[in-house]
Amino acid sequence: MDVYVRSGDSVWYYSQLFKIPFKLIIDSNRDINPQILSVGVRIRIPGHVTIDYKIVSGDSLWAIASSRNLPLDALLLVNPTLNPTRLQIGQTIKVPVRVTWRIVNGKQNYDYSTMINNIRQLQTVYPFLQESSIGTSVVNRQIPEILIGSGEKRVHYNASFHANEWITTPVLLTFLNDYALSVTNQTPIRGLGTFPLYLQTSLSIVPMVNPDGVDLVLNGIPEESPWRSRVIEWNDGSSDFSGWKANIRGVDLNDQFPAKWDLERARNPKSPGPRDYGGESPLSEPESIAIADLTKRRDFARVLAFHTQGKVIYWGFDNLEPPESEAMVAEFSRVSGYEPVQTIDSYAGYKDWFIQDWRRPGFTVELGTGTNPLPLSQFDEIYEEALGIFLAGLYV
Ligand SMILES: [Zn+2]
């Protein structure tokens with residue numbers, strides 16, 4: 001919701017008027033200097049929208065405000081040209097409404113355009129979220145990153161490295177939505193006040209590392225796509241891509257990282273296909289390059305990559321992980337019921353590379369059980385398990 005500064009207004013006043021943390025209004029208006037607000041400047045108020053209300057006989061502005069638990073001045077602020085003593089029956093005014101509902105609906109076939117639409121909607125309601133593109137996919141889709149929080153501790157979560165594990169995207173974005181809702185309305189999640197987390201951490205979210213692969217699994221391959229004949233051939237002639245994990249060039253993005261890549265390569269397919277082909281060299285694919293570049297640029301303290309399935313959390317690589325990884329995974333396990341597993345016979349993954357090159361905690365979290373793609377009927381259960389890990393990743 002936008003308001004326009006009047007003489008005498010301040011950001012502090014707005015934070016009192018709408019009962020929103022001062023810091024969130026500041027972070028929603030990064031182009032504004034709060035010390036010198038000019039009259040007429042637009043200020044974004046997070047967590048609020050306006051609805052239209054039609055005046056009926058007997059209405060007063062005071063009654064409209066008090067019936068909605070709003071200060072009268074909140075109504076005056078969003079209706080700057082209104083004359084409060086001359087309300088007309090049938091006249092439409094704007095009424096601010098606090099957003100208390102989720103914007104993200106995770107229980108749907110969550111393809112790339114659904115994600116982009118949800119990110120736009122989240123940014124409109126929560127302008128303190130910062131969105132940017134970390135690069136483009138093979139077929140030129142922008143790969144978005146969203147930042148939330150203003151703290152020193154830099155944390156990174158990503159999802160949908162693997163195409164048929166796309167349910168991880170709406171699970172992660174539902175958390176982003178719940179977190180934004182919680183900090184704005186100061187409503188705890190599982191008894192935990194989240195505003196301190198916002199002040200202590202900067203959370204980077206890349207909700208769909210592999211957008212071309214996700215759309216291939218969910219929507220199939222369009223007739224006009226230049227990749228059509230190749231992906232069908234690589235898929236053994238089938239146009240059912242539900243077993244597809246790779247990007248659209250048939251490269252498994254989580255076998256692409258320079259962490260014992262040769263060992264992984266030696267035992268894996270040597271040509272493009274639905275899964276496990278690591279490419280002709282490490283970091284040959286635009287999606288893995290984008291996430292690697294982001295990781296180098298941001299200097300993350302810890303990373304969590306969300307996959308399906310197995311209800312396990314992998315937390316080691318080649319004994320290079322730092323001691324704190326074990327204590328962290330113990331907390332992740334406690335809050336989710338998932339089993340910690342230090343190492344498996346697997347290399348060249350994103351978290352392997354992060355542990356190897358930074359010697360900081362990196363985790364691969366395998367959500368849910370069953371056969372990928374996991375059905376949406378598991379969404380609520382998976383979200384409940386993942387939620388504990390999402391929170392713990394910020395507070396431990
Ligand atoms: Zn996976």
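**Pocket first, then the rest**

Modeller: Let me start with the lining of the largest pocket: α10 (261–267), β9 (302–308), α13 (350–358) and β12 (362–367) each give it at least two residues. Keep in mind that this is a predicted model.

Colleague: OK, and which element gives the most to that lining?
Modeller: That's α13, which puts in three residues.

Colleague: How many residues line the pocket, and which lie nearest its centre?
Modeller: The lining has 31 residues, and His162, Asn254, Ile344, Ser346 and Glu366 are the ones nearest the centre. The space inside the pocket comes to about 610 Å³.

Colleague: What's the lining like by class?
Modeller: You get 14 polar, 12 charged and five nonpolar residues.

Colleague: Let's zoom out. How many helices and strands are in the protein?
Modeller: It has 14 helices and 12 strands. The radius of gyration is 24 Å, close to the 21 Å that the globule rule gives for 396 residues, so the protein is as compact as a globular protein of that length.

Colleague: What does the C-alpha trace span along the principal axes?
Modeller: About 80 × 50 × 35 Å.

Colleague: And how much of it counts as buried?
Modeller: 54% of the 396 residues do. As for the surface, the protein exposes about 16,400 Å², with carbon and sulfur atoms supplying 48% of that.

Colleague: Is Ser325 buried or exposed?
Modeller: Buried, because its relative accessibility is 0%, and the cut-off for buried is under 20%. Leaving out residues up to four places away in sequence, Ser325 touches Trp315, Pro361 and Phe363.

Colleague: Now Leu70, where's that?
Modeller: Leu70 sits in the loop between α3 (61–67) and α4 (72–78).

Colleague: Why does Leu70 count as buried?
Modeller: Its relative accessibility is 16%, so Leu70 falls in the buried class. With residues up to four places away in sequence left out, Leu70 touches Ala65, Val95 and Pro96.

Colleague: Last one: what separates Leu70 from Gln342?
Modeller: Their C-alpha atoms are 53 Å apart, and along the chain Leu70 and Gln342 are 272 residues apart.

How values were computed:
Residues numbered from 1 in each chain as written. Predicted model: local features only at pLDDT ≥ 70, side-chain atom pairs only at ≥ 80, totals over all residues. Heavy atoms only, no water. 1 Å grid on protein atoms, 1.4 Å probe; cavity = no way out; pocket = protein on both sides within 12 Å on 5 of 7 lines; lining within 4 Å. Points joined across faces, edges and corners; volume = space filled by probe spheres on them. Helix = DSSP H or I, 4+ residues; strand = E, 2+ residues; numbered from the N terminus. Nonpolar A, V, L, I, M, F, W, Y, C, P; charged D, E, K, R; others polar. Rg over C-alpha atoms; globule rule 2.2 N^0.38 Å. Buried < 20%, exposed > 50% of the residue type's maximum accessible area, 1.4 Å probe, protein only. Areas by Shrake-Rupley, 256 points an atom, 1.4 Å probe, with all protein chains shown as cover. Contact = heavy atoms within 4.5 Å.
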